Amino acid sequence: MPTALPPMATPLLNETAAVSATAIPLVGPPTNNASSVLNIASIVENPAPESSNHSNGAVASSIDPPSRTVVIVFRPTQEHIVHLVAEVLGKPWTTETSLATLTKANDVVVAGVLAQDLVHSLEGCDRSTLVLINTHCVEDGSAPEDQLSEICDYEFLYSHSLFLRRYLTRFLSLILGQTRPHEDLRTKTRTNFISTTFPDVHAALPNLDILSVGSDAVEIRVDLLVEPSLEGVPGSVPSLKYVGQQLMLLRQHTELPIIFTTRCTKENGKFPMGDPTLFYKYLRRAIQWGVEYVDVELWLPEDIRRCLAETKGNSIIMSAFHDFSGSWKWTSPEAQRIFTESTKYADIVKMIAMVSTIEANYELEYFRSTVKNRGPGPLLSAVNMGQMGQLSRALNTVFSPITHPLLPMIAAPGQLTAAEINEALHIMGQLPKRDLYAIGSFRATPHSMFMEKCLNELGLPHTFSSIDRGPKGTMESVISQPQFGGASVNPPIPSSTTYIPSVSDAARAIGLIDTIAMRPTAEGSNGNGTSLIGENTAWKGIRSTLTRDYVPSAYRGRAAIILAGSETDASAAIFALRSLEVGPIYTVGFKAFGPLAVGLEPFTSIQSVKLVEQPFVIVSALPPEKSLLVQPLLRHYRTNGRSSPPSTRGKVYLDLTTGSRKGDPLGVATSAGWTAYGSEDVSAWTTVETLRLLVGQNVPFDFVRMASGRSLF
Ligand SMILES: O=C1C[C@@](O)(C(=O)O)C[C@@H](O)[C@@H]1O
């Protein structure tokens, strides 16, 4: 078995023989980020109350690298999955068979173990120092052995597709606690999830992007899946093998968190209730598969619910209670009892009842207020079913189940679409029409047409117009209009601008505002319970792009080079990299003086290049006429199997240059082995973030990217 446990900080440069193998910083070591005047980690992890309470889930609450050895259990001929995991984690790998010896070593690594050797390898091992992940390629139609699945903590089912790397990154980020989508969603003013009802996920794929506009999560109704070989067999449930494959397919095609539901026959589903351990088996596996949300029905025996809660890892448990009798009352002591019981083992409590009177919605709202008055605790997601219950579907703000006309059927009586909910809220005066703008040095752009398309799709009453920045004073007059509801601003304006009453911490640190958003406040500086805040979305777009193929901790402590025409052009990228706790940042083409300058090292001559260790990431924000200048660096630091062990090979190139550029830096980067991203990816993620800030709705990245075609929008 090959072993690759190289020292990670000293890879050789393969192009310049004279270059030392040892990393020698240019002028003494750059100041450690931790001691920089600006504590970015605290801005990122504890957003100030005034800053955005949305992000795309990419912001981790902790990006500590894994503190346990990640053990990848693989089948013969599938060793490449070990290398891929190591690359995504930015860790060296080994296929050392004795895990006991390995865990005594200081360095935490990725260890590959052949499935047949697992039991033997674990002998004498302290399990608490390991995270065991069973991996299984499903392409040959096989399923993992139950015994292996049960020994392991997690299980990764995969096929070789374009999406494998991203899907693996999300899986690892979640199970290692490096991205916590719920931390973000739980603070969002409203959240929706789309209840998909397809018997086969394949049927959903062509429309998944459009189906999930306005959704924060996608529910897979496992009980509604129909395994072809079992079609028509009464009382049958899809096998774990089939469910695993369907889930894999869904997750490869959406970046949204998944809700895994096995709805029972009594609650409008198809899972038979005779044997509760059947539910346990599927739900336990969902946790092992790293599903973000797991729906656990309240009727299940307490020991099953407790056991799932105790082993939930980083999955979120949604307790579910449905009553179809039509006589159940929100005002009854039973309702309070059910809520209390549900809170025992859940992060979100879902309570749903069939009703036939409009009053039942008022009763539900009263119930909701009593829960709010109880103070902190699990969130309540409560709606009524049936036509009479539709009002409550508009009023519920926590994980509202929604449908879409492209679904084969609604998942429950009275379900509404995201657009219908927004329209209802508007009619009830809960969602007043606002005027939104793209403020820039252009007129009616494709970008604003796209924004309008989104507003229509979401049934929002707002208008979206593009306006020129115009002469001094124009912005002030636009934002002071009574119907002004927010704007994206391109090019961004300085965060020192005085006419925007408050500025988020990130925008202040970056020095630029690219979005003006409304946020609710107690009094509101404009008299209607809202005030304006200057935000920066660009850094989030950059961070989301950087963490698509690498977990956040892969960046930690590793060197970066940023090329730009000015500090302003580079500042969002610097902030994003700092949020990932990169190591030294070397700058080319500019010298930084602002709040982000501490710890940046300028390259002063070609000699500097020779003295710098292998960078993990290069970002170019050069002006288009100078875009070519990054190419020699990309070639110089090229990825090479000879010079870097496979485990450390991955390196990231991000090209932020827009407009007609010179040369082909992305092409050069790709052929030199870099994982390369262009500005279109960043723009699409930034648009996702902008929409969240402006209208509070989630429009998935893939939809934005699809709508953008080749050039953005
Ligand atoms: O729990 C729920 C809510 C729901 O029953 C509804 O009423 O919309 C739809 C189900 O798919 C989902 O699991």
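How many residues surround the ligand, and which are the closest? In this predicted model, 14 residues surround the ligand, and the closest are E219, R263, H322, K350 and R393. A residue is near a molecule if one of its heavy atoms lies within 4 Å of it.

Numbering runs from 1 along each chain as its sequence is written. The model is predicted, so local features need pLDDT of at least 70, side-chain atom pairs count only at pLDDT 80 or more, and totals for chains, interfaces and linings use all residues; side-chain values use heavy atoms, without hydrogens and water.

View 1. A polar contact is a pair of N or O atoms within 3.5 Å. A polar side-chain atom of E219 lies 2.5 Å from a ligand oxygen atom. For K350, that distance to an oxygen atom of the ligand is 2.9 Å. For an N or O atom in the side chain of R221, it is 3.0 Å. The protein covers 99% of the 320 Å² of accessible area that the ligand has on its own (Shrake-Rupley method, 1.4 Å probe).

**View 2. The shell around the ligand.** β7 (217-221) and β11 (348-354) are the elements that give two or more residues to this shell. Strands are DSSP runs of E, at least two residues, and helices are runs of H or I, at least four, numbered from the N terminus. The shell holds five nonpolar, four polar and five charged residues. Asp, Glu, Lys and Arg count as charged; Ala, Val, Leu, Ile, Met, Phe, Trp, Tyr, Cys and Pro as nonpolar; the others, Gly among them, as polar.

**View 3. The open sheet.** Nine strands pair in parallel, in the order β12-β11-β10-β9-β8-β7-β6-β13-β14. β12 (379-385) and β14 (416-417) stand at the edges with a single partner strand each, so one side of each has no neighbour in the sheet. Two strands pair if DSSP finds at least two bridges between them. β6 (residues 192-196) and β7 pair over four bridges. V218 in β7 is the bridge partner of I194.

**View 4. Two backbone details.** Most residues other than glycine have a negative phi, and most peptide bonds are trans. A cis peptide bond joins N490 and P491. P491 is in strand β17 (residues 484-494). N268 has a positive phi, near 75 degrees. N268 is in the loop between β8 (258-261) and α10 (276-288).

Note on methods: Polar contact = N/O pair within 3.5 Å; in protein donor to acceptor, adjacent residues only side chain to side chain.
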